[in-house]
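Hi everyone, thanks for making time this morning. I'd like to walk you through a structure that may be new to you, so please have a look at the screen.

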Amino acid sequence: MNIRETLFTIGKRKSLWSVGVLAAAFCFTALPRLNAESYDRCQRRIQHADHELHKAIERHGRHSRQAEHERAELHQARERCWNENHRWWDEHERRWHQERDWDDRDHDRD
């Protein structure tokens, strides 16, 4: 192996190493942002379902077919957040819960 081949091989290794370092840096900076976006989507999804349930109760009554449908939608939104992030947004308390402790009938107490 001559000097040119040696320098070329060393240059390729350095380039590969640099690309690897840049890829790792990108992954570590992108992951927290992806989690934050996921939490935001979850929160908005639950807020929307909660709002729709309140509207259905106001328009059709607490035990109406429409309110039951919106309760199911809220339950699904909470389940989805829990399955994706192991946390769920409580719109009434305006905070995240780390336990799967929601009550599907919590709006009946309002």
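Let's start with the disulfide between Cys 42 and Cys 81: the torsion about its S-S bond is about -135 degrees, so this disulfide is left-handed. Please keep in mind that we are looking at a predicted model. The two sulfur atoms sit 2.1 Å apart, and a search of the whole structure finds one disulfide. What does the pair tie together? Cys 42 belongs to helix H1 and Cys 81 to helix H2, so the link joins parts that are 39 residues apart in sequence. Are these cysteines buried or exposed? Both Cys 42 and Cys 81 are buried.

Cys 81 also brings us to the largest nonpolar core, which has 15 residues. Cys 81 is among those with the most contacts inside this core, together with Ile 46, Leu 53, Ala 67, Leu 74 and Trp 88. Helix H1, helix H2 and strand S1 each supply at least two of the core residues, and H1 gives the most, with six.

Take Ala 67 as an example: leaving aside residues up to four places away in sequence, Ala 67 touches Leu 53, Ala 56, Ile 57, Gly 61 and Arg 62.

Now for H2 itself. At 1.5 Å a residue, the 21 residues of H2 should span 30 Å, and its end C-alpha atoms are 30 Å apart, which agrees. Its buried residues include Ala 67, Leu 74, Ala 77, Cys 81 and Trp 82, but also Glu 70, Arg 71 and Asn 85. Just after H2, His 86 takes a positive phi of about 55 degrees.

Conventions:
Residues are numbered from 1 along each chain as its sequence is written. This is a predicted model: local features need pLDDT of at least 70, side-chain atom pairs count only at pLDDT 80 or more; totals for chains, interfaces and linings use all residues. Side-chain values use heavy atoms; hydrogens and water are left out. A nonpolar core is a set of buried Ala, Val, Leu, Ile, Met, Phe, Trp, Tyr and Cys residues joined through side-chain atoms within 4.5 Å. Buried means under 20% relative accessible area, exposed over 50%, partly exposed in between (1.4 Å probe, protein chains only). Helices (H or I, at least four residues) and strands (E, at least two) are DSSP runs, numbered from the N terminus. Contact means heavy atoms within 4.5 Å. A disulfide is a pair of cysteine sulfur atoms within 2.5 Å. The expected span of a helix is 1.5 Å times one less than its number of residues.
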